[in-house]
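This report goes through one protein model, from its overall make-up to single residues. Keep the sequence and the model at hand while reading.

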Amino acid sequence: MMNYEDRIRAAYPSFSKSFARLADYLLDSYLEAAFMTATELGHAINVDATTVVRFSQQLGYSGYPELLREIRDKIKSQLLAQPQKTDNEDSIAGVVETTMEELDSIFAQTRTLLDPKVVEDLVQEIDRARKIILVPDHHANEASRTLQSALERGGFLVVVADTGLYELARLVRLATKDDLYIGFQTLAESDQVAAALQEARRNGAVTAAILGGASFSSAQSAAIKLFAYAQPSNVLTAMILNAIAYTIGESIRWQFSDRYTGSDKSIRLLADRIKKHGD
C-alpha cells in the first residue's frame with residue numbers, strides 16, 4: 001500500500017502550482033504540518049483550506065484529516081524507532097554513532113561559547129551599514145552564502161567577494177566608514193581574508209570576522225569577532241561557521257521582522273511570474 005509520500009511523488013507531474021507547493025511542504029516540512037489544521041497549512045503556503053482538502057482527495061484520501069493521520073503515524077513510528085547502541089565500533093553502525101555523538105558535542109560547545117552580546121553588536125552594525133561586504137576563504141563560501149541569503153531577503157545591500165583577487169581588491173578599495181566588511185576564515189593560513197579586512201579597516205570601514213580559531217590573523221583586523229574554535233577537521237569548522245552565519249541571519253530576521261514581512265511571499269510570487277514567462 002502506498003504511503004502519502006509515494007502518492008505525492010506519483011501524482012506530482014499532474015499537480016497545479018498550488019498543489020505542487022502543498023506537496024513540497026508536506027515532503028519537506030511534515031513535522032510542522034502534523035500540527036496544522038487545513039486552514040493553518042493553507043496559510044503557511046498561501047492557499048485556502050479548500051485547496052488543501054482537494055489536494056488530499058486527489059491523493060485518494062477522504063479528506064485532509066485522513067492524510068493528517070498518516071503523517072502523524074509516520075512521526076510516531078520515527079519517534080518509537082530509537083536507534084540502538086552498538087557494541088561494535090568497527091562497523092557502519094559504529095561510525096554513524098560516533099559521528100553523531102561528535103556532532104552533538106561540537107554543536108553543544110558552540111552553543112555554550114557563542115556570545116549573544118557579540119551577535120547583538122554585529123546585528124547593530126549590519127543595521128547601520130550602507131553596504132555589507134562578505135569576504136570568505138574557499139572553505140567558508142557556504143557560510144557566506146547563508147548570511148547573504150538572510151540579508152538579501154531583508155533588503156540589505158550585500159556583496160560577496162568570492163570571484164577572485166581582483167574583485168576583492170576592487171571592493172576593498174571602495175571601502176568607506178559607512179560599510180561593514182565581514183570575513184569568514186576557516187583555515188589559519190588564509191591570510192587573504194585578514195589582509196582584506198585590514199585594508200578595509202584602514203579605509204575607515206567597520207570590520208567583523210567569523211573565524212575557525214581565536215589565533216587566526218583575521219582576529220587582529222576585526223573589531224567584532226565570533227569563533228568556531230578548534231575543530232578536528234576543516235569540514236567541521238566550515239559546518240560550525242555556517243551554523244553561526246545561520247544564527248546571525250535568524251537574529252537579524254527577528255530584530256528587523258518588519259523588513260521581512262511579506263518578503264518570502266513576494267519572492268515566491270515573482271518566481272511564479274518569471275517561470276510563467278519562461279514556459
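Two residues are in contact when heavy atoms of theirs lie within 4.5 Å. By that rule, and not counting residues up to four places away in sequence, Ile252 touches Val123, Ile126, Leu147, Leu151, Phe156 and Tyr260.

## The model

The model is predicted; local features need pLDDT of at least 70 and side-chain atom pairs count only at pLDDT 80 or more, while totals for chains, interfaces and linings use all residues. Residues are numbered from 1 along each chain as its sequence is written, and side-chain values use heavy atoms, with hydrogens and water left out.

The protein has 14 helices and five strands. Helices (H or I, at least four residues) and strands (E, at least two) are DSSP runs, numbered from the N terminus. Taken along the principal axes, a box of roughly 65 × 55 × 35 Å holds the C-alpha atoms. Of the 279 residues, 43% are buried, where buried means under 20% relative accessible area, exposed means over 50%, and partly exposed is in between (1.4 Å probe, protein chains only). Among contacts with a separation of 6 or more, 68% join residues 24 or more positions apart.

## Nonpolar cores

A nonpolar core is a set of buried Ala, Val, Leu, Ile, Met, Phe, Trp, Tyr and Cys residues joined through side-chain atoms within 4.5 Å. The largest one has 36 residues, and Ile126, Ile132, Ile182, Ile248 and Ile252 have the most contacts inside it. Helix α12 (residues 234-255) gives the largest share of this core, seven residues. Apart from this core lies another, of 28 residues, including Ala34, Phe55, Leu59 and Tyr61. In soluble globular proteins, nonpolar side chains tend to be buried together.

The expected span of a helix is 1.5 Å times one less than its number of residues. Buried residues in α12 include Leu236, Thr237, Ile240, Ile248 and Ile252.

Helix α11 (residues 191-202) has 12 residues and reaches 16 Å from its first C-alpha to its last, close to the 16 Å expected. Val193, Ala194, Ala196, Leu197 and Ala200 are buried in α11. These residues lie on the same side of α11 because they cover an arc of only 165 degrees around the axis, the arc being that of the directions from the helix axis to the C-beta atoms. The buried residues of α11 pack against β1 (131-136), α10 (165-173), β3 (179-185) and β4 (206-211). After α11 comes Gly204, with a positive phi near 100 degrees.

Which helix holds Tyr25? Tyr25 is in helix α2 (residues 17-28). Tyr25 counts as buried because its relative accessibility is 19%. Leaving aside neighbours within four places in sequence, Tyr25 is in contact with Tyr30, Glu32, Ala33, Met36, Leu41, Ala44 and Ile45. The C-alpha atoms of Tyr25 and Ala44 are 9.0 Å apart, although 19 residues separate the two along the chain. Elsewhere in α2, Ala23, Leu26 and Leu27 meet Tyr4, Glu5, Ile8 and Arg9 of α1.

Thr51 lies in helix α5 (residues 49-58). With a relative accessible area of 7%, Thr51 is buried. Beyond four places in sequence, Thr51 is in contact with Ser18, Phe19 and Leu22.
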